Amino acid sequence: RDILRVQRESGRTDADLESALRAAGKITSRKTLTDDERAAILNTVATTAQASDGERIYRTEQLGCLKCHAIGGAGGRVGPDMISLGASAQPDYLLESLLNPNAKVKENYHTTVVATVDGKVVAGVQIQKSDKVLTLRTAENKIIEVPVDQIEDQAQGVSLMPEGLVDALTDDEIASLVRFLSELGRTAEYTLPKTRLVRSWETLVPTPEAYTKIYRTSLSEVAANDPAFVWSPRYTTVVGNLPLVAVPSLIIREEDFGFIRCNINVTTPGKIAFQLNSATGLEV
């Protein structure tokens, strides 16, 4: 599955390789579901599926939804922000988009595949193009500038969302995911609160370099911008909570620690509040 994702994000197509990978991983395509099977999933969406389960599935690193999509600005920027998705898209449309991402690609979100004169291939969503530079945003949320005079060939690609993304999910899990997406911006529980919240965080990655630095100095050294520390993006749920399960653990001197940080853009004077489930063991 990881290799299929890399192949997809590279903008290259190779039917034989994809077929071999699917066979090796025993990956069957959900795109071939019958009308009755789709109807059964949609019935589950409308009856027993829970949006809370769908949000948990949406946030898993295996699916990688947050890498490309933001909800209220929290997440990747390769695909469209999905905060009002439920108010504008019906469950059958959402299901089809998950099963067959290339069936309905939102305008301005097709990939652009570029081959350069030195043999490189770059794929991403076009941000802008001038007489001198073509600017793309890749699936890894990186900005790449390609000089126009270095472009040998350019073509429109497909959706960066890989086909087969939900092939590993059960019917009930797909139904829960659709239920969650269908409630974004439509129900009070899955509409952004009016209170301004920090929605984008970073967590400390437990690397050997991080352990070495902390043991040689102190815990407070994590607050410094030291290159020994690698930070990974994490995003809140729709209501603004950051689940502890999203914070990696570091075992330091037989104690369990997690480190998070955020940027706060202060435009006017005022108070900043921290709301915590519990302050036990917390250091700021």
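F259 is buried in this predicted model, with a relative accessibility of 13%. F257 is buried as well, at 17% relative accessibility. Both values count as buried because the cut-off is under 20% relative accessible area.

A search of the whole structure finds 3 aromatic pairs. In one of them, Y58 and F180 form a tilted pair, with 5.4 Å between the centres and 55 degrees between the planes. This pair links distant parts of the chain: Y58 belongs to helix α4 (residues 51-58) and F180 to helix α8 (residues 171-183), 122 residues apart. Y58 is buried at 2% relative accessibility, and F180 is buried with a relative accessible area of 0%. F257 and F259 make a stacked pair, 6.1 Å centre to centre with 15 degrees between the planes. Y58 and F180 also belong to one aromatic cluster together with Y190.

Strand β11 covers residues 255-257, and the loop between β10 (250-252) and β11 contains R253. E254 lies in the loop between β10 and β11 too. R253, a residue other than glycine, has a positive phi, and E254, also not a glycine, has a positive phi. The table lists the values for these two loop residues.

| Residue | Phi | Relative accessible area | State |
|---|---|---|---|
| R253 | near 50 degrees | 45% | partly exposed |
| E254 | near 65 degrees | 80% | exposed |

E254 counts as exposed because its relative accessible area of 80% is over the 50% cut-off.

Methods: Residues numbered from 1 in each chain as written. Predicted model: local features only at pLDDT ≥ 70, side-chain atom pairs only at ≥ 80, totals over all residues. Heavy atoms only, no water. Phe/Tyr/Trp six-rings, centres within 6.5 Å; stacked < 30°, edge-to-face > 60°. Helix = DSSP H or I, 4+ residues; strand = E, 2+ residues; numbered from the N terminus. Buried < 20%, exposed > 50% of the residue type's maximum accessible area, 1.4 Å probe, protein only.
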